[in-house]
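This briefing is for a reader who is meeting the structure for the first time. Please keep the sequence and the 3D view at hand while reading the points that follow.

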Amino acid sequence: MIWTVLAAIALAAWIGLLCVRGGFWRAEPRLDGAPGAASAPETWPGVAAIVPARDEAETVGEAVRSLAEQDYPGRFSVVVVDDESSDGTARIARNAGGDADVAVIRSGPLARGWTGKVWALSGGLAHVATERPDARYVWLSDADVVHPPDMLRALVCEAEGRSLDLLSLMVLLRAESFWERLLIPPFVFFFRKLFPFAWVNDPGRRIAAAAGGCVLLRRSALERIGGIGAIRDALIDDIALARAVKPGGTIRLALTAGSLSVRRYGSLGEIWTTVARSAFDLLGYSALALVGTVVAMTIVYLVPPLLVLSWPFHGDLAGSVLGASAWIAMALAAYPTGRLYGLPPWAGLALPVAAALYIAMTVDSARCHWTGGGRAWKSRVYASERGGG
């Protein structure tokens, strides 16, 4: 009887998620390239791109080259902030810039109370304030993200046309290895379920989010919130920035297949470290939120397939039918994301496996926080309390 009840709860949850959770499962809105000339602003505002980079020798060349090759009619410059790299990141970035307006600066030792990426961004913003006071926008772009030549045009057209303070794109993440194909599309799916883009983009709702790989930020909005120092201690800097900007401003979050991350995750361990270093931060370091998350994900993602696969042992036909229905609803919800990543239609049936791994990563993140061990990230140890690293 208990299994039938749990299966019914899981199915009801999926029906509710599909119907009332802001259409999160749809792979939209999208912004893949510049619109036609009719959508262009009368004058193209100045833009300065900032690329924080720490030990990014493998990817920074491609990323900077894609920025240097932007086909943008207005004034555009790039500043790469070398965050104490030890692998030649600065040299590679300098060479990749070619004849474009690309500056490479050093961030200096990490200041107490700041997280690494936000500290690097502060150095880039200070450089922009001095060298590019005319820039209306700053384009925050990660050192592993490659953009098509018309992406800045597309961002500016969208931001100017909608009078946005912050426009962020969730770029297409690399999904080629086994572990990437198993875990990266579900990561995007879970993110959109947690932060439905339609709700993020609704000025009437408090929910706010951004994807840090590609953010176009109006400098007047940054000044309004007190500068980047307002989020100095944020481990999840993109979410923190969106939450700071949205009250009193307008933000927009969309998917894109135009810009892509070229960072490779060849092993489960690499993905695990990336997720676990900040997962518990997203839960506000709350034990209650952790327990609720684990219980809810177990019922919604794990119970349905377990009931179906174990039917010969428990013989609960009603529970198995309900579980199968929930599993199918889950796979259907994951289909648009899987299609975006070129996965076959049946790939959503593996979502429970990914969910189980993400549950374990989140629990490990909490364990690390409670044991005080911190989490190493690019030779820095991020402390177990908010504000570390």
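In this predicted model, the second largest cavity has a volume of about 60 Å³, and the count of cavities of 30 Å³ or more comes to 2.

- The lining of the second largest cavity is made up of Lys 117, Leu 121, Leu 140, Gly 212, Val 215, Ile 228, Ile 231, Asp 237, Asp 238 and Leu 241.
- Two helices, α4 (116-131) and α9 (237-245), each supply at least two residues of this lining, and the largest share, 3 residues, comes from α9.
- Sorted by class, the lining of the second largest cavity holds 6 nonpolar, 1 polar and 3 charged residues.
- As a general point, rolling a probe the size of a water molecule over the atoms shows where empty space is left.

**The second largest pocket**

- The second largest pocket has a volume of about 320 Å³, and among the 18 residues that line it, Arg 181, Leu 182, Leu 343, Ala 347 and Ala 350 lie nearest its centre.
- The elements that give two or more residues to the lining of this pocket are α6 and α14, with the largest share, 6 residues, coming from α6.
- By class, the lining of the second largest pocket consists of 13 nonpolar, 4 polar and 1 charged residues.

- Just after α1, Gly 22 takes a positive phi of about 65°.

**Backbone angles in the loops**

- Most residues other than glycine have a negative phi, and most peptide bonds are trans.
- Against that background, the peptide bond from Glu 28 to Pro 29 is cis, with omega near -5°, and Pro 29 is found in the loop between α1 and β1 (47-53).
- Asp 55 is not a glycine, yet this residue has a positive phi of about 50°, and its place is in the loop between β1 and α2 (60-68).
- Is Asp 55 buried or exposed, or does it count as something in between? At 21% relative accessibility, Asp 55 counts as partly exposed, because buried means under 20% and exposed means over 50%.
- Ser 163, another residue other than glycine, has a positive phi near 55° and sits in the loop between α5 (151-162) and β6 (166-172).
- With a relative accessible area of 51%, Ser 163 is exposed, because the cut-off for that class is over 50%.

Note on methods: Residues are numbered from 1 along each chain as its sequence is written. This is a predicted model: local features need pLDDT of at least 70, side-chain atom pairs count only at pLDDT 80 or more; totals for chains, interfaces and linings use all residues. Side-chain values use heavy atoms; hydrogens and water are left out. Helices (H or I, at least four residues) and strands (E, at least two) are DSSP runs, numbered from the N terminus. On a 1 Å grid over the protein atoms alone, a cavity is a set of points where a 1.4 Å probe fits but cannot get out, and a pocket is an open set with protein on both sides within 12 Å along at least five of seven lines; lining residues have an atom within 4 Å of a point. Grid points are joined across faces, edges and corners, and a volume is the space filled by probe spheres set on the points. Ala, Val, Leu, Ile, Met, Phe, Trp, Tyr, Cys and Pro count as nonpolar, Asp, Glu, Lys and Arg as charged, and the others, Gly among them, as polar. Buried means under 20% relative accessible area, exposed over 50%, partly exposed in between (1.4 Å probe, protein chains only).
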